[in-house]
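User: Please go through this structure with me. I would like to know what each term rests on.

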Amino acid sequence: MTEEKNQRRPFIYDVTLRDGNQALPNPWNNAQKKDVYLQLLKLGVQGAEVGFPASSEMDFESVKELAKLTAQMAEEGNVEAQNIVVSGLARCVPSDIQRCWDAVKYAPHPRIHTFIAGSPLSMEHVLHMTPEQVKERAVSCVKLAKSLVGDKGDVEFSVEHFGDCLENMDFVIDELKAVVEAGATTINLPNTVERYRPALYVNQIKQVYDALPKNITISVHCHNDLGMATAATVESFYAGANQLEVSLNGLGERCGNTNFYEVVVALANSGTPVDIHLDRIYETAILISQWSGVNIYSRAPLIGAEAIVHRSGIHQDGASKTKDLKKGAYRPIDYSMIGRHQNDSLGFTSQSGRTAVYEIVTKFGYKLSLAEAAELQPILKAASEKEGELSADRVLDIFREHFINVNGHLIFNNIEVIPDENRFIFHFKKDGEAIVKSVTAEGPVEAALILMREIGMPVELVKYRQLVVPEKDKLWAGRGLSRIVLKVNDKEVEGRGVSSDTLKANMRAIFCGVNLLYK
Ligand SMILES: [Zn+2]
């Protein structure tokens, strides 16, 4: 333990809400950004870049809200909120820097992060500025930022395209010395575009680390264009960089930013203490995938569906012989470290949590949200207390019972279509009483929604999808699965219906959703 105390620890600085969000096909609104931010606090990150206040009114408001929220949580005693550095991005433009400060200043530890390109290519062809002009601009903007943050906050300066500065490192070091003099205390050296092998970049990091005073924090920010951002980031830490800029699920421009989970796990696995709640990684990955709409690649390190599966006989044999050891023959980590089950023949025990439920059900090809998994968890727990460990098939049965073709107040029997009259005749039961009701509408989904209104159970249609039942589910394979999201007031549920007839699958999904909403 004493040894661990003396070891250098990384400053994990997350950029999901800035770099990650700006690259999403549908960027998050401010309420969604808040959810992501709260998850970052749960993980215990040391710093978070939460937006680019000068880029839009919405981003300005979001950064301001998050800074204020942090102050409020800190006051209420939340330790993560008390410690986190809340940062906003600003170009080396005085109005950007002022705007950034106006948004972040409410946080207990506010930061202005300002940047300007330093590569020959960008200075000449993008900025149309000479290196001397760039240096002057950098120094004057850092001075302005420093005058705004005073003793309350700090200033980070980035040499954008640092990875492209192989030929002009002398200029960069000269510029950085002046910027440090002007008040920047964190110097970020981005591999804005990953073009070369990591060793070249790490060597550049080392040069800057050696040239600057040791009280300055060197930071790395890597993009993953060649798939080596994690390697470049991890090795930079051992070359002297202390702030590691990373992103949840590796979200970010083009091929993404450095993946948060890979970096912290690689460091921890290499014996470096990391002050992050690693056991929240797996649940975070699932949430971020759902919130961003960006699926997790099946072979993604640590979090992909295939990461814990052994297919060949030799691998299965080695895995099973070493399954109780800390180090597995074909397993990089003990997956419980990131809050994930690692058992190949995954079952559910009374100890299993919502991520285990999620993992079992999605393994069959069904989609469910983490909130639904949490809803199912106590039901499975009760069953496993009676029956012992539940097999994956048994879990799937219970999932279906509670989420597919669910009966409640309503039981769907049949629908007749009279095409010439745009008429639909529903046969169903309401609270045990058999009812036949005719509705006129453009189509069957609209007819079902009208029917619900007429029987006093109105719902709004939010989203509609139809697929075929996943093949792994032998019992139902080949049938239509409808997933229909319905809403009443603020409550949303997904109704799921299965039938060999797609029209009936749709109707069952709507009846199922209504039953879940009106319990
Ligand atoms: Zn970036």
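Analyst: The end C-alpha atoms of residues 10-282 lie 21 Å apart, and 48% of that span is helix and 17% strand. Helices (H or I, at least four residues) and strands (E, at least two) are DSSP runs, numbered from the N terminus. This is a predicted model, in which local features need pLDDT of at least 70, side-chain atom pairs count only at pLDDT 80 or more, and totals for chains, interfaces and linings use all residues. Residues are numbered from 1 along each chain as its sequence is written.

User: Which annotation covers residues 10-282?

Analyst: The unreviewed UniProt entry gives "domain: Pyruvate carboxyltransferase" for residues 10-282. Such annotations may be inferred rather than shown by experiment.

User: Why is α16 called oblique to α17?

Analyst: Helix α16 (residues 370-387) and helix α17 (residues 392-403) pack at about 120°, with axes 11 Å apart. Angles under 35 degrees count as roughly parallel, over 145 as roughly antiparallel, 65 to 115 as roughly perpendicular and the rest as oblique. The angle of about 120° therefore makes α16 oblique to α17.

User: What makes residues of α16 and α17 count as meeting?

Analyst: Two residues are in contact if their C-beta atoms, placed from the backbone, lie within 7 Å. Here E372, L376, I379, L380 and A383 in α16 meet V395, I398, F399, H402 and F403 in α17. By class, that contact has eight nonpolar, one polar and one charged residues. Ala, Val, Leu, Ile, Met, Phe, Trp, Tyr, Cys and Pro count as nonpolar, Asp, Glu, Lys and Arg as charged, and the others, Gly among them, as polar.

Note on methods: Axes fitted to C-alpha atoms, helices over the stretch in contact; angles between N-to-C directions.
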